[in-house]
Amino acid sequence: MTTKVNPAGGWQPSVREQERRAARRALRRRRTAIATLASVVAIAGVAVALLASPGWPRVQATFFDPEHARDSLPAIVDGFWLNVKMFLIAEPLILVLGLAIALVRQSRSPWLVPVRGLATGYTDVVRGIPTLLLVFLFVFGIPGLGLQGVTNSIFFWATAALVVSYSAYVAEVFRAGIESVHPSQIASAEALALTRGQTMRFVVVPQAVRRVVPPLLNDFVSLQKDTALVASVSLFDALFTARDYANYNFNFTPYVVVACFFIALTVPLARLCDWLARRIARRERAGAL
Amino acid sequence: MTRRSNVVLEARNLRKSYGDRVVLDDVSLRVEAGDVVCLIGSSGSGKSTLLRCLDLLEEIDDGVIEFGGREVSDPLVDPREVRRDIGMVFQAYNLFPHRTVLANCTLAPRAVHGLSKADAERRARDLLMRFGLGEYADQHPDRLSGGQQQRVALVRALCTEPRLLLLDEITAALDPELVGEVLGIVRGLAEAGTTMVIATHEMSFARDVATRVCFLDGGRLLEEGPPEQVFAAPREQRTRDFLRRVLPA
């Protein structure tokens, strides 16, 4: 590669180039103006349709009552902390378990054949079972067996149910990522005499993981919301707290408050993933012509 | 015909940099109808970047590109309108692996040029047949050899009947045995009067087909002239050094 740094910035953009830059700026300004206009029109349109609808005052009183929001807030914050805890515990376990299942399904070792069948069955069966049923099964079923030394904690078993359910989905996401890595990559790793395990670890999985970040995020977000499923087994999470409040006061505002909490958790995570993906892309394609 | 209407493409004082690395520095190039311009020079001299700039795949930092008498480096010009009339072939073929050979070749004629399925397929099959690829029309590109894939890529570019063909080191990824079959086609195109700009490492090929040879070095167009002159009596020392390295003694 010939590198040639311009001595002391001797080049000055020509008149034509300056005109072009002005034209590009004008184009950009126009795009920004159109984007702003389109956004304003869209948002205003929705707002008007909402506010002008005949039933809006009643809906507002039922769903968007600031007083009820304030009253229910402390309890919901407490409950939401339980959702966050559950999510933070479950997510790493899901990633590890999901990747392990995906790797087992990809393995070619004869020793792992029985496990491979198990992993295939696991993903097939677990994905077919509604997550809510899994939560019931784990929370009521397992303690119901009366096994010695097994905890009866609802929180523990509810989290376990989520881990089982989501690891099956995540395993399939990982597997899709692994299979999308071009065979030539595997060939060149094998040509370097790497074992299959090493090929996976150093070449295939890193590329696969990068590719599946967006769908993984999808599952993360879904998991965050599904932590609310534990409301159905009477665990005082954000949703159960909100339902409790709503039933006492005949007002649905707490549900909206809960939704806001979940959104507040999801959006930063989405932005973080975007930022990570951009950073990886920048680093790997830097200087590529 | 006036001289003006004969000029297919004219680039003046092109400049392109990535960060503080200047890859094209004050490059001017004029291509007339029927010209076969060969760009030579070592890797990183700016040949590929020049072609990419001409096809408006890269935004230039300065200079002017005119195609068919119209300035196309103007930000107000829709680059797709320009690329309709320019064909480009890449070093790594860049065929679409999920489409058959025929579907690769009929995509642009149908989606961009509005040909009917039957017309597009007739044209594609004709060209594939002419280039000895008739039997592969319904296969997927990855089943073909490198030389065959590159010939398909050429056919794909030709199917839109471009006024100008840009070839970016199209034989660099091929083994010597397969280079011939691809260059043979390009030679045929040159004889048929196709206007082309070719970045190439194949010196003997450049000497044979070029109407003009341009030597690029460090982003500058150092020397330009008919092949007999550039190869036999280069004016610049850098050209002489380069040719000594790449030409068999």
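Author: Two strands pair if DSSP finds at least two bridges between them. Strands (E, at least two residues) and helices (H or I, at least four) are DSSP runs, numbered from the N terminus. The model is predicted: local features need pLDDT of at least 70, side-chain atom pairs count only at pLDDT 80 or more, and totals for chains, interfaces and linings use all residues. Residues are numbered from 1 along each chain as its sequence is written, while chains are lettered from A and ligands numbered from 1 in the order in which they are written.

Reader: What makes β1 and β2 of chain B a pair?

Author: The test asks for at least two bridges. Strand β1 (residues 7–18) of chain B is joined to β2(B) by 9 bridges, and the two run antiparallel. Within this pair, B:Ser17 has B:Val22 in β2(B) as its bridge partner. The hairpin of β1(B) and β2(B) has 2 residues between the strands, and B:Gly19 takes a positive phi near 60° there.

Reader: In what order do the strands of the open sheet stand, and why are β2 and β5 of chain B said to stand at the edges?

Author: The open sheet has 4 strands in the order β2-β1-β4-β5 (chain B), with antiparallel pairing. β2 (21–32) and β5 (70–71) of chain B each have a single partner strand, so one side of each is left without a neighbour in the sheet.

Reader: Why is B:Asp62 called buried?

Author: A residue is buried if 20 or more other C-beta atoms lie within 10 Å of its own, exposed if 12 or fewer, and partly exposed in between, with C-beta atoms placed from the backbone. B:Asp62 has 23 other C-beta atoms within 10 Å, so it counts as buried. This residue lies in strand β4 of chain B.

Reader: Which residues does B:Asp62 touch?

Author: Contact means that two C-beta atoms, placed from the backbone, lie within 7 Å. Not counting residues up to four places away in sequence, B:Asp62 touches A:Pro13, A:Ser14, A:Glu17, B:Asn13 and B:Arg15.

Reader: What makes chain B as compact as a globular protein of its length?

Author: The radius of gyration is taken over C-alpha atoms, and the globule rule is 2.2 Å times the number of residues to the power 0.38. Chain B has 10 helices and 10 strands. Its radius of gyration is 18 Å, close to the 18 Å that the rule gives for 249 residues, so chain B is as compact as a globular protein of that length. Buried residues make up 45% of the 249 residues in chain B.

Reader: How do you know that chain A is more spread out than a compact globule?

Author: Chain A has 10 helices and 0 strands. Its radius of gyration is 26 Å, well over the 19 Å from the globule rule for 289 residues, so chain A is more spread out than a compact globule. The C-alpha atoms of chain A fill a box of roughly 80 × 65 × 30 Å, taken along the principal axes. Buried residues make up 25% of its 289 residues.
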